[in-house]
Amino acid sequence: MRTGVSYMGHHNPVHIKTDLAEMKQLGCDDVLVSAQENDFVHFTGKIQFTPRIAKDMGLRPLAIFWGALNLFGGGRSSQFLLEHPEGFQRGRDGAHRSAGCYVNRLCVARIKEMLHTATELGFEGYFVDEPTPLWECYCTSCRARYMEWYGGDLGAAEEVQAAEFRHRCVIEYVREIAEFCKTSFPHTETQCCVMPCDRDIWAKASQIEFLDNLGTDIYWVNEDIDVEEMTPMIRDLAALCHETGKIHHEWLQCWGVRAGREQRILDQGRILVREKPDALYVWAWKGQIGTTETCHDPIKSWEMAAEVLRMAKG
């Protein structure tokens, strides 16, 4: 089982070396660098230095564009959208929304541009982080695509067909990005995490030709759900990945953990290790300390997550 951890990173190589050395001591194989748009513009040290340092230490550097286009996870602060407001989502009434639209060709082009930069710098894989249906976007791009696919007005679409359209848009985005990676950089591993709330599209995602690796993130640490209820979901996704020849990964939560819930990290981790996915990843390094998504007790939370990482290698 491969193991890894998401890493918010640093622009100073001294600090990067210290953190990555500790990851290696934990037996990690991968470091998933959560690069924000600003890391491609101002704080460039994160994407410039991390791949080389990681490879020197025997870690595989993978790129996640955290919060890109004010989508795809947290850390949402898109300078690109401020400079290109035509990339924003629009409500049914045409009102501006705060996030970008991955149906918009301008937005997709920017992601591809960042991908090209990251891969040229030495990242060995790209992770499409939590693509989810854009239920409330009625921008010109979404309307044009609906017209192309269904020959009608998205604003007047019936609920069932609208849902089909939104799901299809997710799959098309992941397919296009994965194909771009594979055709431009054939040795790049293409990865995607589709959330449990979007499990209706797991099967379609598993059939994407250019996608190598598919997983999900059952973030139940702050919930009271019996951890054993994870098992059917994990096995369902594992079966899909087996059928379609995909690598199967799972995520363990170590962010936003409320005080007193830390034991749940270990409880969920034991289930994940028992089920033996091909890869087990932790979000995020050191309990995401220093961000708005930090655990209430990041030290205690990280101790639990680190124990799971060791367990996975035991």
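**Salt bridges and enclosed spaces: a working chat**

Mentor: Arg2, Asp30, Arg60 and Glu189 are linked in a network of salt bridges. Keep in mind that this is a predicted model.

Trainee: Okay, let's pick one member. Where does Arg60 sit?

Mentor: Arg60 is in strand S3, which covers residues 60-65.

Trainee: Buried or exposed?

Mentor: Arg60 is buried, because its relative accessible area is 13% and the cut-off for buried is under 20%.

Trainee: Which residues does Arg60 touch, if I skip its neighbours within four places in sequence?

Mentor: Its contacts are Arg2, Asp29, Asp30, Val31, Glu124, Glu189, Gln191 and Tyr281. Arg2, Asp30 and Glu189 are the residues linked with Arg60 in the salt-bridge network.

Trainee: And what do the side chains of Glu189 and Arg60 do together?

Mentor: They meet in a salt bridge, at 2.8 Å from N to O. The pair links distant parts of the chain, with Glu189 in strand S7 (residues 189-193) and Arg60 in strand S3, 129 residues apart. The two side chains also make a polar contact, at 2.8 Å.

Trainee: Why would two side chains pair like that?

Mentor: Side chains of opposite charge can pair when their charged atoms come close.

Trainee: Is Glu189 buried or exposed?

Mentor: Glu189 counts as buried, because its relative accessibility is 12%. Arg60 is buried too, at 13%.

Trainee: How many salt bridges does a search of the whole structure find?

Mentor: It finds 22. One of them joins the side chains of Arg143 and Asp153, at 3.1 Å from N to O.

Trainee: What does that pair tie together?

Mentor: Arg143 is in helix H5 (residues 140-150) and Asp153 is in the loop between H5 and helix H6 (159-184), so the pair ties together parts that are 10 residues apart in sequence. Arg143 is partly exposed at 27% relative accessibility, and Asp153 is partly exposed at 42%.

Trainee: How accessible are Glu179 and Arg175?

Mentor: Glu179 is partly exposed, with a relative accessible area of 27%. Arg175 is also partly exposed, at 27% relative accessibility.

Trainee: What lines the largest cavity?

Mentor: Its lining is Ile64, Phe65, Phe72, Tyr126, Phe127, Val128, Asp129 and Tyr173. S3 and strand S6 (125-129) are the elements that give two or more residues to that lining. S6 provides the largest share, with 4 residues.

Note on methods: Residues are numbered from 1 along each chain as its sequence is written. This is a predicted model: local features need pLDDT of at least 70, side-chain atom pairs count only at pLDDT 80 or more; totals for chains, interfaces and linings use all residues. Side-chain values use heavy atoms; hydrogens and water are left out. Buried means under 20% relative accessible area, exposed over 50%, partly exposed in between (1.4 Å probe, protein chains only). A polar contact is a pair of N or O atoms within 3.5 Å; within protein, one must be able to donate a hydrogen and the other to accept it, and residues adjacent in sequence count only if both atoms are side-chain atoms. Contact means heavy atoms within 4.5 Å. A salt bridge is a side-chain nitrogen of Lys or Arg within 4 Å of a carboxyl oxygen of Asp or Glu. On a 1 Å grid over the protein atoms alone, a cavity is a set of points where a 1.4 Å probe fits but cannot get out, and a pocket is an open set with protein on both sides within 12 Å along at least five of seven lines; lining residues have an atom within 4 Å of a point.
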